[in-house]
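Please read the report below with the sequence and the structure open beside it.

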Amino acid sequence: MAKTIHQQKHHNILMLFLGVALAIFLAKNQTFNNFLLSLGQYGYISAVVAGAMFVCTFTVATGALIIFTLAKTLSPIEIILCGMVGAVIFDMCIYKTIKNTVDKDIMEAFNNPRFSHFKKILHTKYFAWMMPLIGLIVFLSPLPDELGISLLGLSKLKTYQFFLISIFNHALGMILVVFSLKLL
């Protein structure tokens, strides 16, 4: 039996609050903090994990710190490549989730007669090219990746196009973090 929009909305809000509560708990948990500090001993696997953390709003600072720490002892190019792999994998998971589930929920909501004016806006030629452009700008900016990925996922962007954008975005981000060590 399919969930209604109302049930799905409450499920999503609940998941958001649980995610925030978990992030707060983990941030205050000394065992978890010790675990993060010990990731450096796992080498390039740590760079993949840190790259995945680099994507999420709640963990971007921790991911950048781990990458920064790894850059002191490991090859910068390999850290960049491994971190990029982790970030792109995580991005693709978010993108596919948006593309496969959230997109359908939003379109179902816009089929409601109360939102007919929004539906008309969604189908204009201006919106068709502006949404990916705005999503790309947000994705490449310091703003949370999730917002940009969501806008790109809701647009008509093909998966391989998003994949290439994600690689470029995270290569640039990883290069900036790794080579910022040289400036200090």
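In this predicted model, M131 has a relative accessible area of 10% and is therefore buried, since the cut-off for that class is under 20%. The residue is found in helix α7, a helix that spans residues 125–140. When residues up to four places away in sequence are not counted, M131 touches L151, L154 and S155.

Leaving aside the neighbours within four places in sequence, G135 is in contact with G148, L151 and L152. From C-alpha to C-alpha, G135 and L147 are 7.4 Å apart in space, and along the sequence they are twelve residues apart.

L151, which is among the residues touched by M131 and is likewise among the contacts of G135, lies in helix α8, made up of residues 145–154. Is L151 buried, partly exposed or exposed? With a relative accessible area of 23%, L151 is partly exposed. Not counting residues up to four places away in sequence, L151 touches M131, I134 and G135. The separation between L151 and M131 is 20 residues in sequence and 6.3 Å in space, taken from C-alpha to C-alpha.

The C-alpha separations given for residues in this report, including one for G43, can be set side by side.

| Residue pair | Apart in sequence | C-alpha to C-alpha distance |
|---|---|---|
| L151 and M131 | 20 residues | 6.3 Å |
| G135 and L147 | twelve residues | 7.4 Å |
| G43 and C82 | 39 residues | 9.9 Å |

N169 is found in helix α9, which covers residues 159–183. At a relative accessibility of 9%, N169 counts as buried. Its contacts, not counting residues up to four places away in sequence, are with F139, L140 and D145.

How many aromatic pairs does the count come to? The count comes to one aromatic pair. The rings of Y95 and F162 have their centres 4.2 Å apart and their planes at 5 degrees, so the pair is stacked.

G43 is buried, with a relative accessible area of 13%. Once residues up to four places away in sequence are set aside, G43 touches L70 and L74.

Two packed helices are described by the angle between their axes and the distance between the axes. Here the axes of helix α3, residues 44–53, and helix α4, residues 60–70, come within 7 Å of each other and cross at roughly 150 degrees. Angles over 145 degrees count as roughly antiparallel, and α3 and α4 are therefore roughly antiparallel to each other. The crossing in which α3 passes α4 is left-handed. On the side of α3 the contact is made by S46, A47, A50, G51 and M53, and on the side of α4 by V60, T62, G63, I66, I67 and L70. Sorted by class, this contact of α3 with α4 has seven nonpolar residues, four polar residues and no charged residues.

For the chain as a whole, the protein chain has nine helices and zero strands, and along the sequence the pattern reads α-α-α-α-α-α-α-α-α. Of the 184 residues in the protein chain, 30% are buried. Among contacts in the protein chain between residues at least 6 apart in sequence, 68% join residues at least 24 apart.

Notes:
Residues numbered from 1 in each chain as written. Predicted model: local features only at pLDDT ≥ 70, side-chain atom pairs only at ≥ 80, totals over all residues. Heavy atoms only, no water. Axes fitted to C-alpha atoms, helices over the stretch in contact; angles between N-to-C directions. Helix = DSSP H or I, 4+ residues; strand = E, 2+ residues; numbered from the N terminus. Parallel < 35°, antiparallel > 145°, perpendicular 65-115°, else oblique. Left-handed = near helix turned anticlockwise from the far one by under 90°. Contact = heavy atoms within 4.5 Å. Nonpolar A, V, L, I, M, F, W, Y, C, P; charged D, E, K, R; others polar. Phe/Tyr/Trp six-rings, centres within 6.5 Å; stacked < 30°, edge-to-face > 60°. Buried < 20%, exposed > 50% of the residue type's maximum accessible area, 1.4 Å probe, protein only.
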